[in-house]
Each structure stands twice: as structure tokens, then as C-alpha cells.
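Q: Can you walk me through this one? I'd like to start with charged pairs.

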Amino acid sequence: MLQRRLDEMNQRWHHLKNRSLAIRNRLESNSEHWNALLLNLRELSDWVFRKDAELSRLGPIGGDINVLQKQEDDHRAFRRQLEDKRAIIENSILSGRQYLNEASLTDLTDTKGK
């Protein structure tokens with residue numbers, strides 16, 4: 001009886017070690033992808049904070065025709081920058097979602113294999 005329980009415990013221990021190793025390997029293989037994604041998101045966040053500060057400094061719209069023309073030019077430049085960043089933002093979101101979906105599927109198959 002004791003031997004059977006020890007064998008079961010040993011089998012559980014090996015299963016736990018193998019599962020831990022599989023998780024570690026998966027994390028290591030995906031860490032490069034996540035680091036690149038996080039770096040990209042940090043850069044985007046920094047850009048948003050800088051632009052928010054710039055927009056706050058601009059003040060309200062108004063003034064003479066020259067001031068209004070400058071404000072319109074600034075606004076157009078800002079919209080171009082937003083459009084340039086749009087693809088980067090969408091790709092980052094899509095990449096993160098795909099990875100999370102893959103990780104969820106992997107977790108489901110791992111738990112079914114128990």
C-alpha cells in the first residue's frame with residue numbers, strides 16, 4: 001500500500017516537473033516576442049504623453065487669421081502623426097491578441113492532457 005502511494009506521489013511529482021519545464025520553455029521562447037511588444041507599447045505611451053503635453057500647451061483655438069492658420073497647420077500635422085502611428089498601434093494590439101489566444105489554446109490543451 002505504501003509503495004503504491006509512493007509510486008503515485010512520484011508519478012505526480014514527475015508530471016509536475018514536466019509541466020513546469022514545459023511552461024518555462026514556452027515562457028522563454030515567447031519572452032523575446034513579449035519584450036518587443038512591451039517596448040513598442042512603452043514607446044507609444046511615451047509618444048501619447050508627449051503629445052498630450054504639447055496639446056495642453058497650445059491653449060484654446062482663436063486669434064487673428066495668422067494664429068488660426070498656424071493652429072490649423074499644427075492640427076493637420078498632428079493628424080498626420082496620428083495616422084502614421086495608427087498602423088503601429090493596430091499591429092501591436094493584433095499581435096498581443098494573437099499571442100493571448102495562442103496562450104489560451106495552449107493552456108486548454110495542457111489542462112486536457114491531465
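A: A salt bridge is a side-chain nitrogen of Lys or Arg within 4 Å of a carboxyl oxygen of Asp or Glu. Keep in mind that this is a predicted model.

Q: How many salt bridges does a search of the whole structure find?
A: The search finds 6 salt bridges. One of them joins R24 to E28, with the closest N and O atoms 3.2 Å apart.

Q: Where do R24 and E28 sit in the helix?
A: They are 4 residues apart in helix α1, so about one helical turn separates them. R24 is partly exposed, at 49% relative accessible area. E28 is partly exposed too, at 45%.

Q: What about K51, buried or exposed?
A: K51 counts as buried because its relative accessibility is 11%, and the cut-off for buried is under 20%. K51 forms a salt bridge with E54. E54 is partly exposed, at 36%.

Q: Which other residues of α1 are buried?
A: N30, L37, L44 and W47 are buried, along with K51.

Q: Where is the kink in α1?
A: The kink is centred on S31 and is about 40 degrees. α1 has 57 residues and reaches 78 Å from its first C-alpha to its last. Just after α1, G59 takes a positive phi of about 80 degrees.

Q: New topic: pockets. Which helix gives the most to the lining of the largest pocket?
A: That is α2, with 7 residues. The pocket's volume is about 250 Å³. Its lining includes K70 and D74.

Q: How are D74 and K70 linked?
A: They form a salt bridge, with the closest N and O atoms 3.1 Å apart. Both lie in α2, 4 residues apart.

Definitions and conventions: Residues are numbered from 1 along each chain as its sequence is written. This is a predicted model: local features need pLDDT of at least 70, side-chain atom pairs count only at pLDDT 80 or more; totals for chains, interfaces and linings use all residues. Side-chain values use heavy atoms; hydrogens and water are left out. On a 1 Å grid over the protein atoms alone, a cavity is a set of points where a 1.4 Å probe fits but cannot get out, and a pocket is an open set with protein on both sides within 12 Å along at least five of seven lines; lining residues have an atom within 4 Å of a point. Grid points are joined across faces, edges and corners, and a volume is the space filled by probe spheres set on the points. Helices (H or I, at least four residues) and strands (E, at least two) are DSSP runs, numbered from the N terminus. The expected span of a helix is 1.5 Å times one less than its number of residues. The bend at a residue is the angle between axes fitted to the seven residues ending there and the seven starting there. Buried means under 20% relative accessible area, exposed over 50%, partly exposed in between (1.4 Å probe, protein chains only).
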